[in-house]
Amino acid sequence: MPIIYPPINEEITMTHLIDLLPKAELHLHIEGSLEPELMLSLAERNQIKLPWETIEETRDAYQFHNLQSFLDIYYTGASVLCKEEDFADLAYAYLKKADADRVMHAEIFFDPQTHTDRGIPYEVVLDGLQAGFLRGEKEFGISGGYILCFLRHLSAEDAMTTLKHALPRANELLGVGLDSSEVGHPPAKFSDVFAQAHQAGLIPVAHAGEEGPPAYIHQALDLLRAVRIDHGVRCSEEEELVEELRDRQIPLTVCPLSNIKLGVFKSMEGHNLKALLEAGLCITLNSDDPAYFGGYLNSNFRAAHQALGLDDSQLVQLAKNGIRASFAPQARKESLLNQIDALSL
Ligand code: ADE
Ligand code: ZN
């Protein structure tokens, strides 16, 4: 499919296409967008002692070999978030980065238990995040909202308490999700919580098949009624599951840079996202925890493109999949899809 901008050479052309495409971000942990600069300034503002004192020391600490080694640092970093304005600053800072990458719709995860367990009221977290989003929405025209994630390493009772607390303001949320340490914490553990959330009109999504086995993807679909699977890349270990995901067009929110940093794949060249896309699955690209994994959405597109040789039509397909898989109103989806079509002759 030809593109309107002048093709200077292959690399510049691709960079331009990625930059130009209107995109949706469907898998972004707001706590994972906390850049070292903001982390250190909030630590000072709130008198929180971190194990790191400088930006260099902070970045040097980001040596991960699997999901748990990352989560340990991620939860430490999140401890600087205390007041409403901290959450507002964090959300606004993310939307500013998103705007620079032409993200026009963002469905953002947040982990209330990470904060309520430290004595920060749920209302402080949600009010701050909403204020930051509102500011970004006004300034950049980005649509979207928040998905409340339960921490799966904590108990189902704990998740239920969190849900009960969130229900009076359920109309302010897009849905519920499941994140944190995957192996040993199957989706089945949260069946009752997700059933209650579903009754309250909250759309279910879940992390599954990042480090956990294909069985966890089945559980997320069958027991939690997840309409999107976050990561899901281990599906390719089971042919029938790949067929089900393809036939039902269940979107996978794939996060390439995250998968490399956490050792889900040894190299980007070995990532299965292109094969899954070519097999007809609804693959979307996302940035997961960009402050920790070395890049926001366009960096993920670029890294996947460079390593896997995605062509123009595949880049367009990935961007369109993200918009179609979003929970945006139909008119918003159509408007964004039309904007993509307007880039092409
Ligand atoms: N929380 C933040 N990032 C995560 C990831 N990649 N997997 C599970 N939980 C997370
Ligand atoms: Zn994630």
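Mentor: F70 is buried, with a relative accessible area of 2%, where buried means under 20%, exposed over 50% and partly exposed in between, with a 1.4 Å probe and protein chains only. F293 is buried as well, at 1%. The model is predicted, so local features need pLDDT of at least 70 and side-chain atom pairs pLDDT 80 or more, while totals for chains, interfaces and linings use all residues. Residues are numbered from 1 along each chain as its sequence is written, and side-chain values use heavy atoms, without hydrogens and water.

The structure holds 14 aromatic pairs; rings of Phe, Tyr and Trp (its six-membered ring) pair if their centres lie within 6.5 Å, and planes under 30 degrees apart count as stacked, over 60 as edge-to-face and the rest as tilted. F70 and F293 make a tilted pair, with 4.7 Å between centres and 50° between planes. Because F70 belongs to helix α4 (residues 67-78) and F293 to helix α14 (residues 290-293), this pair ties together parts 223 residues apart in sequence; helices are DSSP runs of H or I with at least four residues, strands runs of E with at least two, numbered from the N terminus.

F150 lies in strand β3 (residues 143-151) and F194 in helix α9 (residues 191-199), so parts 44 residues apart in sequence are tied together. F150 is buried at 0% relative accessibility, and F194 is buried at 1%.

Key. Chains are lettered from A and ligands numbered from 1 in the order in which they are written.
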